[in-house]
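Please take a moment with the model below and turn it around before reading on. We will walk through it together, starting from the inside.

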Amino acid sequence: MLFTEKIQRLKSKQETVRSNFEYEKIGRQILKLAKKYNELNYFDRYLIIDNTVYGLQINPNYSL
């Protein structure tokens with residue numbers, strides 16, 4: 001399964017949880033996956049601000 005698929009599934013799961021603990025736990029998992037994805041230097045990357053993952057953007061440091 002791709003990083004983006006895992007992140008999207010976790011985001012949809014995060015929207016349905018009822019406790020703050022579960023919400024934050026899933027948020028940490030999303031952040032961990034997004035950081036791994038960004039380290040691999042793909043064409044696009046996840047925008048992370050203050051440990052919050054917002055979405056994909058074009059990576060200006062991408063090299064062919």
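The largest nonpolar core has ten residues: Ile7, Leu10, Ile26, Ile30, Leu31, Leu33, Ala34, Tyr37, Tyr46 and Val53. A nonpolar core here is a set of buried Ala, Val, Leu, Ile, Met, Phe, Trp, Tyr and Cys residues joined through side-chain atoms within 4.5 Å. Buried means under 20% relative accessible area, exposed means over 50%, and partly exposed lies in between, with a 1.4 Å probe and protein chains only. H1 and H2 each supply at least two residues of this core, and H2 gives the most, with six residues. In soluble globular proteins, nonpolar side chains tend to be buried together.

A word on the ground rules: this is a predicted model, in which local features need pLDDT of at least 70 and side-chain atom pairs count only at pLDDT 80 or more, while totals for chains, interfaces and linings use all residues. Residues are numbered from 1 along each chain as its sequence is written, and side-chain values use heavy atoms, with hydrogens and water left out.

Now step back to the overall layout. The protein chain has two helices and two strands, and from the N terminus on its elements run α-α-β-β. Helices (H or I, at least four residues) and strands (E, at least two) are DSSP runs, numbered from the N terminus. Taken along the principal axes, the C-alpha atoms fill a box of roughly 45 × 25 × 15 Å. Of the 64 residues in the protein chain, buried ones make up 22%. Among contacts between residues at least 6 apart in sequence, 20% join residues at least 24 apart, where contact means heavy atoms within 4.5 Å.

Leaving aside its neighbours within four places in sequence, Ala34 is in contact with Ile7, Tyr46, Ile48 and Val53. Two of these partners lead us on to the strands: Val53 in E2 is the bridge partner of Ile48. Strand E1 (residues 44–49) and E2 pair in the antiparallel sense over six bridges; two strands count as paired if DSSP finds at least two bridges between them.

Follow the hairpin of E1 and E2 to its turn, where two residues sit between the strands. What is the phi of Asp50 near? Phi of Asp50 is near 50°, a positive value in a residue other than glycine. Asn51, which also lies in the loop between E1 and E2, has a phi near 60°, again positive in a residue other than glycine. For comparison, most residues other than glycine have a negative phi, and most peptide bonds are trans. Asp50 is exposed, with a relative accessible area of 74%, and Asn51 counts as exposed at 55% relative accessibility.

Asn51 also brings us to the largest pocket, which it lines together with Lys11, Gln14, Glu15, Tyr23, Glu24, Gly27, Arg28, Ile30, Leu31, Thr52 and Val53. A pocket, on a 1 Å grid over the protein atoms alone, is an open set of points where a 1.4 Å probe fits, with protein on both sides within 12 Å along at least five of seven lines; lining residues have an atom within 4 Å of a point. About 270 Å³ of space lies in this pocket, the volume being the space filled by probe spheres set on the points, which are joined across faces, edges and corners. Helix H1 (3–14), helix H2 (20–39) and strand E2 (52–58) each supply at least two residues of the lining, and the largest share, six residues, comes from H2. The lining divides into four nonpolar, four polar and four charged residues; Ala, Val, Leu, Ile, Met, Phe, Trp, Tyr, Cys and Pro count as nonpolar, Asp, Glu, Lys and Arg as charged, and the others, Gly among them, as polar.

Two lining residues deserve a look of their own. Gln14, found in helix H1, is buried, with a relative accessible area of 13%. Arg28, found in helix H2, counts as partly exposed at 49% relative accessibility. From C-alpha to C-alpha, Arg28 and Val53 are 9.7 Å apart in space, and they are 25 residues apart in sequence.

Our last stop is Asn59, in the segment after E2. Is Asn59 buried or exposed? At 7% relative accessibility, Asn59 counts as buried. Residues up to four places away in sequence aside, Asn59 touches Asn41, Tyr42, Phe43, Asp44 and Arg45.
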